[in-house]
Amino acid sequence: MQEIREPVVDVFEEEDHVLVVAEMPGISVEDVQVTVEDDLLTISAARGDKKYRKEVLLPASFTREKTLVTSNNGVVEIKCLR
Amino acid sequence: MNPPDKGAERTEGAVLKFKVTEALSKDVGRAIARMGPQDLEKLHVAVGDLVEVAGKRGTVCKAMPAHKELRSQGFDLTFDRVVLEKMMDLAPPGLDEIMALARIMEFLARDSFDLFVLDCAPTGHLIRLLELPDLINQWLKAFFNLFLKYERILKLPGFADELVGLSRNLKRLRELLQDPARSVLYAVSIPTRMALEETRDLLAACDRMGMAVPLVFLNLMTPPGDCQLCSRLHERELVVAESFRQIFQAKHQTLVYRQPEIAGLERLEEFGRSLYEPARQELVTQ
């Protein structure tokens with residue numbers, strides 16, 4: 001049984017979007033799965049034996065269509081557009 | 001903080017100044033460098049990029065956005081900018097007058113006028129003005145220091161030169177005011193006890209400053225007249241005038257009675273004569 005880790009997550013409330021930054025070393029954008037249900041954002045990612053999962057409460061409700069996911073050096077940015 | 005090498009043309013011109021603050025407890029040991037999103041953009045650094053923090057030894061960190069409360073507006077000059085603004089607010093009282101006087105010095109330097117007549121602020125302000133060039137000098141110095149520190153960031157062309165000029169003029173002004181051959185102060189008072197005390201303060205201040213005050217005007221005297229009120233006022237004012245005479249014995253004193261506005265060449269000349277005629281107690285009447 002593999003361990004599922006919880007990444008360190010920051011939530012930034014900006015004027016036109018909410019930015020969620022998750023630190024998941026070893027993960028790139030294609031390994032990330034994001035679901036949004038009202039104000040609940042779920043991030044899960046897996047590559048090899050590295051597994052991450054985190055539920056984040058957003059300050060407002062968003063939809064998956066208006067959510068952009070990018071990653072850079074294992075730092076995943078999830079931008080939820082208002 | 002240096003951005004990673006992404007080609008000189010991308011980072012050229014983006015020199016930002018940051019203030020380093022204590023890390024949030026949850027950030028300790030994560031090897032991240034938080035900066036405001038706008039600053040990241042200016043440096044062409046994306047979140048997650050590796051940046052080097054240069055110090056006693058270099059440290060490589062991942063760039064991360066800073067939390068809102070720790071962001072500044074572009075330059076991290078916030079604190080000093082506030083100080084700078086406060087300095088302007090805290091400009092010593094009398095600075096306006098000093099600026100005006102310093103401007104007179106410029107005219108004087110041009111040698112195009114023979115005589116300057118300045119109408120000064122009321123006693124309290126004037127005393128401060130005369131006694132506090134030091135304070136204003138200190139204020140200017142503090143201002144200079146802040147200004148020089150940020151000379152390259154705060155673009156206020158000519159402003160520094162102006163302050164330097166002001167400081168220089170202030171010094172020359174002080175010398176001028178202390179030279180009785182070149183400047184005198186005429187005190188203008190009114191015949192009330194309060195004004196008498198104010199004038200006493202003013203003359204004492206001038207004395208300390210080494211400024212010459214050869215003449216005291218006692219203005220707005222009520223001429224003796226038919227009406228009872230005028231006569232009573234006149235009597236009362238004469239008593240004060242006598243106190244003036246005794247207290248400021250060394251000064252030439254001129255009583256000026258209430259009169260219509262001094263307008264027209266004839267009245268002006270008459271007034272001028274009464275000012276420049278030899279010392280004796282005069283009555284300027286219409």
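**Entry 1: Glu237(B)**

I began with Glu237(B), which counts as buried because its relative accessibility is 8%, under the 20% limit for that class. I note that the model I am reading is a predicted one. I then looked up where the residue sits in the fold: Glu237(B) belongs to helix H9 of chain B, which covers residues 228-247. I next listed its contacts, leaving aside neighbours within four places in sequence, and found Pro191(B), Leu220(B), Met221(B) and Thr222(B).

**Entry 2: Extent of the interface between chains B and A**

I turned to the interface and recorded 17 residues of chain B in contact with 13 residues of chain A. I read the area buried between the two chains as about 1200 Å², with carbon and sulfur atoms giving 45% of that area. I looked for the leading contributors on chain B and found that Arg30(B), Val47(B) and Lys62(B) supply 38% of the area this chain buries against chain A, more than any other three residues.

**Entry 3**

I looked up the salt bridges across the interface of chain B and chain A and found 3. I examined the one between Arg30(B) and Glu23(A), in which the closest N and O atoms are 2.7 Å apart.

**Entry 4: The side of chain B that touches chain A**

I traced this side to its strands: E1 (32-35) and E3 (59-65) of chain B each supply at least two residues. I noted that E3(B) gives the largest share, 3 residues.

Note on methods: Residues are numbered from 1 along each chain as its sequence is written. Chains are lettered from A and ligands numbered from 1 in the order in which they are written. This is a predicted model: local features need pLDDT of at least 70, side-chain atom pairs count only at pLDDT 80 or more; totals for chains, interfaces and linings use all residues. Side-chain values use heavy atoms; hydrogens and water are left out. Contact means heavy atoms within 4.5 Å. Buried area is the accessible area (1.4 Å probe) that two parts lose on being put together, summed over both. A salt bridge is a side-chain nitrogen of Lys or Arg within 4 Å of a carboxyl oxygen of Asp or Glu. Helices (H or I, at least four residues) and strands (E, at least two) are DSSP runs, numbered from the N terminus. Buried means under 20% relative accessible area, exposed over 50%, partly exposed in between (1.4 Å probe, protein chains only).
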